[in-house]
There are 2 protein chains.
Amino acid sequence: MIVRKNIDVTAEDVIIEDAEGVKKRVLISEADGAPNFIMRQFTIAPEGHTPYHKHSWEHEVYVLSGTGEARTGENVVRLSPGNVVLVLPDEEHNFTNTGKEPLNFLCIIPG
Amino acid sequence: MIVRKNIDVTAEDVIIEDAEGVKKRVLISEADGAPNFIMRQFTIAPEGHTPYHKHSWEHEVYVLSGTGEARTGENVVRLSPGNVVLVLPDEEHNFTNTGKEPLNFLCIIPG
C-alpha cells in the first residue's frame, strides 16, 4: 500500500503547445507499481487552459476546487467541485479556468 | 463528453459482509462508454468501515473530505483530504472513518 499527500508531489509546469498556466502532479503511476491507470492532479491558474486537442486515450476527471469550463466542439459545460467528466478516446477537448482561484482537478488516464 | 455532478448520482448502500455505514456512488462506468476504469465515490459514516479484504484488482484512492485510516496488515496510515492511496492487487486492506464527519473518497478500479 502506498500512501502520499498531493501537496508533497512536485507540481511540474505543463509545457506543450497551447497550454497556459497549467501544472501537473503525478499522484500515482506505473513507477508505484500501478498496473492499469495513472492518477494526475492538474492545477490551472486563472485565465489558463489546457490545449484544445484529442488523443487515443480517455480522461476521467474529478473537479476538486475552483471553477472552469470543459469544451468539446460547440459543447461548453461549466465545472465546479464535484463535477466529473468523461472524455472519450479521440474526442477533442480542453479545460479552462474561468474563475479567480486555481482550478484543481484529478485526471486519470490508462497507463 | 459526459459531465455530471457527484451529488446527482444515487448513493447506494454497500451491503457486504463486514461493511458498516458505507455508501457508494458510481460516477463514471462502462455504462458511459468508459473503456478501461471505473470511478466510484465512497462515503463512510463516522465509526463506519469497509471490510478488511483483498481481491485481484487494484484501488487508486483520493481522499476528498473527512478523516480516517487505511490499513494493510499491521500498517495503519491516517488519511485526510489530499491523501492518495494505491492498494495493489491481492493486498489486504480496509478504510475506516475515525472522525466525526463523513469520510469521502474516490476509488478507481479497472473495469
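The following paragraphs lead through the structure from the relation of its two chains to single residues. The model is predicted.

Chain B is superposed on chain A by a rotation of 180° with 0.0 Å of shift along the axis, and the RMSD is 0.0 Å. The two copies are thus related as by a two-fold rotation axis. The surface through which they meet can be described as well: 100% of the interface residues of chain B are also interface residues in chain A, so the copies meet through the same surface.

The interior comes next. In soluble globular proteins, nonpolar side chains tend to be buried together. In this model the largest nonpolar core has 22 residues, and those with the most contacts inside it are M39(A) and M39(B). Strands β3, β4, β8 and β10 of chain A and strands β3, β4, β8 and β10 of chain B each supply at least two residues of this core. Leaving aside neighbours within four places in sequence, M39(A) is in contact with residues of chain A, including V26(A), I28(A) and L106(A), and with residues of chain B, among them V61(B), Y62(B) and I108(B). A second, separate core of 19 residues includes V63(A), L79(A), V85(A) and V87(A).

D32(A) lies in the loop between β3 (20-28) and β4 (37-49) of chain A. Its relative accessibility is 17%; because buried means under 20%, D32(A) counts as buried. The side chain of D32(A) makes a polar contact with the side chain of R4(A), at 2.9 Å. Not counting residues up to four places away in sequence, D32(A) touches I2(A), R4(A) and L27(A) in chain A, together with L86(B) and L88(B) in chain B. The C-alpha atom of D32(A) is separated by 9.6 Å from that of M1(A), although these residues are 31 residues apart along the chain.

The side chain of N83(A) reaches the backbone nitrogen of S80(A) at 2.9 Å. A polar atom of this side chain also lies 3.0 Å from the backbone oxygen of R4(B). Beyond residues up to four places away in sequence, N83(A) touches V61(A), Y62(A), V63(A) and R78(A), as well as V3(B), R4(B) and K5(B).

Strand β6(B) pairs with strand β7 (residues 75-79) of chain B in the antiparallel sense over five bridges, and T72(B) stands opposite N75(B). The hairpin of β6(B) and β7(B) has two residues between the strands, and G73(B) takes a positive phi near 60° there. Strand β6(B) also pairs with strand β9 (residues 94-97) of chain B, in the antiparallel sense over four bridges; A70(B) stands opposite F95(B).

Positive phi values also occur at residues of chain B that are not glycine. D18(B) has a positive phi of about 70°; D18(B) lies in the loop between β2 (12-13) and β3 and, at 52% relative accessibility, counts as exposed. E47(B) has a positive phi of about 75°. E47(B) lies in strand β4 of chain B and is exposed, with a relative accessible area of 71%.

How values were computed:
Residues numbered from 1 in each chain as written. Chains lettered and ligands numbered in written order. Predicted model: local features only at pLDDT ≥ 70, side-chain atom pairs only at ≥ 80, totals over all residues. Heavy atoms only, no water. Least-squares fit on C-alpha atoms with pLDDT ≥ 70 in both. Contact = heavy atoms within 4.5 Å. Buried < 20%, exposed > 50% of the residue type's maximum accessible area, 1.4 Å probe, protein only. Polar contact = N/O pair within 3.5 Å; in protein donor to acceptor, adjacent residues only side chain to side chain. Core = buried A, V, L, I, M, F, W, Y, C linked by side-chain atoms within 4.5 Å. Pairing = 2+ DSSP bridges.
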